[in-house]
Amino acid sequence: MGTTRASLHTLGCRLNQAETSILGEGLRRKGFELVEFGQPTDVLILNTCSVTEDAERTSRYLIRKTLKHSPHAFVAVTGCYAQTGMEQLKRQAGIDLIVGHQFKLDLPAYLPAVHELRKRSTPDIHHTKTMARGDFDLPYFAEPDSTRALLKIQDGCSAMCSFCIIPFARGHERSRAFDDILREAESLVAGGYREIVLTGVNIGQYVHGGNDFCALLRRLDQVEGFDRIRISSIEPTTISEELLDLIASSKKFCPYLHIPLQSGDDEILQAMNRRHTIKEYRALIDRAFAKIPDLGLGTDLMVGFPGETDEAFQNTLAVATDLPFSYIHVFPYSTRPGTAAARLKQRIPSPSVKKRADQLLELDRAKRLAFHNKQIGKTVSVLFEAGTHSAYRFGTTPNFTRVAVTDAAELQNQIMPVTITAATDRYGFGHITLPQAIPSTMALL
Ligand code: SF4
């Protein structure tokens, strides 16, 4: 009998990616052969997102598409859409298993044994509405996206921003056990990873056994063997002076922050139930750059929130133009049933939303180009990814500049010094300055 194939696909955030990696490992242990998503398969695991209507639509489309080329594939759906849209998914043909967040990492155990796989007339469902605090547990492994390993430290969010489905989809804030994180970090070092990315929904709220986020970072800083530790998206209200000092002084913490702003207008921020004003956000960015001059700074901006007037949008455009972002992720507002914003009137017509999003995307391109141009002439350390794309080899710097070189050598998972000589809005281009990999003490050049 041939091997039984399984393919996994992730929609949405880095945290979902980290969890898909864990599910993949579970499937492998169960005897499945993992195949690339899109190839014929016997099992599809879809780790979904429900942040926008579009993400939900894409999930339904991907299931239909998979069943076209693999009509007998056993389809399992998990993630935020499985949690919030279970009733809708139950009615979609072809789904065999729906697993809510509480049981997500148990998904491999719910799959039938490889020789007993067959499609079901109605899906098997593992789902509860509430998520208990004590259920947060993870096995001690993770896999990389490219050469970075994603390390999940926290889940859920209690902030209740009025547009956001995540508190409903992932539940309230829970932090992973301190010692478990350290153990996993050590096993990732042993696995050869040079960079870890700390992931979670609201990671600045980490607290476990009297250890807060900074205490965790200080301890991770002492784990030997890593060259870089990167913090993924973090809420502005959770960034302390201590955290900025830690990033500024550590040899391992990357000078990089992704701090969602969402809107540049105080009234809209208030309607979004965000916990900061523009003035506070600006002051934070000033302090961050004063301490970390080479900082790479990303943000999220939402357009078309109910009640966003032309004037409010112009405020957003002005703030975003003014602040030293290296890139901007732009999200058109999408109504999520059950959220507070879903009850707001004053909807913004789609053509206006699109026009505003296009203006911010144009600004994003200009910001990226300016940021990359600023790197020209510098020699920076680049951690290279696997493979090549159109004759280039790619990697990233600590401040998250994507760099392309034309060197023919196999560079995967190596950190090399690269002198940046040119830039576009997508990459910096450069050449390797030394013939061999640099020691880890120079990894944050
Ligand atoms: S901080 Fe706000 S936007 Fe971010 S996950 Fe929590 S509720 Fe959602």
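Predicted model: local features only at pLDDT ≥ 70, side-chain atom pairs only at ≥ 80, totals over all residues.
How many nonpolar, polar and charged residues does the shell around the ligand have? Residues are numbered from 1 along each chain as its sequence is written, and side-chain values use heavy atoms, without hydrogens or water.

**View 1. Residues around the ligand.** The shell has nine nonpolar, no polar and two charged residues (Ala, Val, Leu, Ile, Met, Phe, Trp, Tyr, Cys and Pro count as nonpolar; Asp, Glu, Lys and Arg as charged; the others, Gly among them, as polar).

**View 2. Helix 1, residues 14-29.** Helices are DSSP runs of H or I with at least four residues, numbered from the N terminus. Twelve of the 16 residues are buried, so helix 1 is largely enclosed by the rest of the structure (buried, under 20% relative accessible area; exposed, over 50%; partly exposed, in between; 1.4 Å probe, protein chains only). Just after helix 1, G31 adopts a positive phi of about 105 degrees.

**View 3. Salt bridge between R29 and E25.** A salt bridge places a side-chain nitrogen of Lys or Arg within 4 Å of a carboxyl oxygen of Asp or Glu. Here the closest N and O atoms are 3.7 Å apart; R29 is exposed at 61%, whereas E25 is buried at 17%.

**View 4. Salt bridge between K152 and D155.** The closest N and O atoms lie 3.0 Å apart. K152 is buried, with a relative accessible area of 4%, and D155 is buried at 4%. Both belong to a salt-bridge network that also includes E19, K104, R170 and R174.

Note on methods:
Helix = DSSP H or I, 4+ residues; strand = E, 2+ residues; numbered from the N terminus. Expected span 1.5 Å × (residues − 1). Near = heavy atom within 4 Å.
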